[in-house]
Amino acid sequence: MTIQEGLPFPQDAAQAGMQESRALAAKYSRRNAFRTWDPPSERMSKVPREWRIQSGLTQHIPDDLAPFVEWFYSQQEARERFRWALRDSLDELLDGQRTGRWAYQHLTKTEKTYLGTAVEVNLTKEFAIGNGVDLDWSIAGVDIDCKFSKDLGGWEIPMEMYLCADHGERSGRADHAAVVTWMDDDTSRWAVGIVRVTDERLRWKRERGANGDLVRAYNRDNKRKLSDGAKSDVYWLWGGLQTDLPTNLLRHLDVETRTRILTASLPGRASSGQQRLNQLFREVQNRLIGRQTVLTVGQQDDSPKRARDARIHLRPEGIVVLGHQGSHPHVARALGLPVPIKGEWISTRLVPVSSDDARPNFSLDGQFWARARAEELLRPEPGPAPDLPDSRKIDGQAP
């Protein structure tokens, strides 16, 4: 018996190769065409008055939640990793390189629904969380589930998470705990709590009529939300409200600046990825710019290369674009700027200064350079910035 390990090679290989090529489809494809989006007209998130929380909360850890709380607090840099997992989950759905989207409100209804799944998947990978017996997660050897909502307090809880005699076979085998997560990209706020789900802590409603009985408030999927009173039963990790969700740069720029960046072009030409990235580094100086912003502005496969090429285009204007390699980290530190890591850039306008200038500076080939002051930015014809070496160490006067 002969085992066939592969399909026969096509007789006309050249014709088959032509059929497999993307060239013809790409010629007419609109999926990767440059797109612009209007600013959102509504907020991403709702925070009901009953669910408002503060920062810096001091709470007693309930005994039944202590294993979960202690597990998260024992993970190295857990808070930093958690907030970046939230950021990356939303950025994955925005897919700015292919869609040009830069706000949650640009997502379709289906994509918004999937965000909770993306958050759970990324947190699972980030913290290497194992599968539970009845639920998706097992932490400290105990089943626990992860729930996300863009609205604070809006988590939807399925029947299998809690005990209820009226649910029959659909009832959970225990009152399980849940990790409840929330973020608002419009305000850079986020929060994560842990709560024990019980029938009593979920919403009830009164049936119609003056003497209507209290009944469980299910949605169409037989899920219920936490009651407003259950907020006091949530243990909020890291002290409650967090205000440092990694910044969505394009979302937080003013409309005029963002428009200039996304429509940048040479006279008489259509907007191009290179011109848009040049304008990004002109407009947004002295702050880190991440890979997702570069991909969204460029909307090209080689957008990071365009960011590197911006150094050549902007040097005559006195602007340097610093990355993570060569002399660039030394220059950033010497100038008192945040130091880029891989996948980050930062731009600044430089001016030549004397050796006794009080500003943080560095020297290259005997010339000292510092960040331009506000009045120096008004010069009509700024001089060129230095051509920074790839590997030579820079002499710098740190702040």
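Modeller: A nonpolar core is a set of buried Ala, Val, Leu, Ile, Met, Phe, Trp, Tyr and Cys residues joined through side-chain atoms within 4.5 Å. Buried means under 20% relative accessible area, exposed means over 50%, and partly exposed lies in between (1.4 Å probe, protein chains only). The model is predicted, so local features need pLDDT of at least 70, side-chain atom pairs count only at pLDDT 80 or more, and totals for chains, interfaces and linings use all residues. Residues are numbered from 1 along each chain as its sequence is written, and side-chain values use heavy atoms, with hydrogens and water left out.

Now the core itself. The largest one has 35 residues, and M183 and I194 touch the most other members. Several elements each supply at least two of its residues, including helix 3, helix 6 (109–126), strand 4 (177–184) and strand 5 (189–196). Helix 4 gives the most, with 7 residues. Helices (H or I, at least four residues) and strands (E, at least two) are DSSP runs, numbered from the N terminus.

Contact means heavy atoms within 4.5 Å. Leaving aside neighbours within four places in sequence, M183 is in contact with several residues, among them L86, L90, L115, V119, F148 and W190. A second, separate core has 22 residues, including A178, W182, L226 and A230. In general, nonpolar side chains tend to be buried together in soluble globular proteins.

For another setting, take E50. This residue lies in the loop between helix 2 (23–28) and helix 3 (66–74). E50 is partly exposed, with a relative accessible area of 32%. Beyond its neighbours within four places in sequence, E50 is in contact with D228 and K231.
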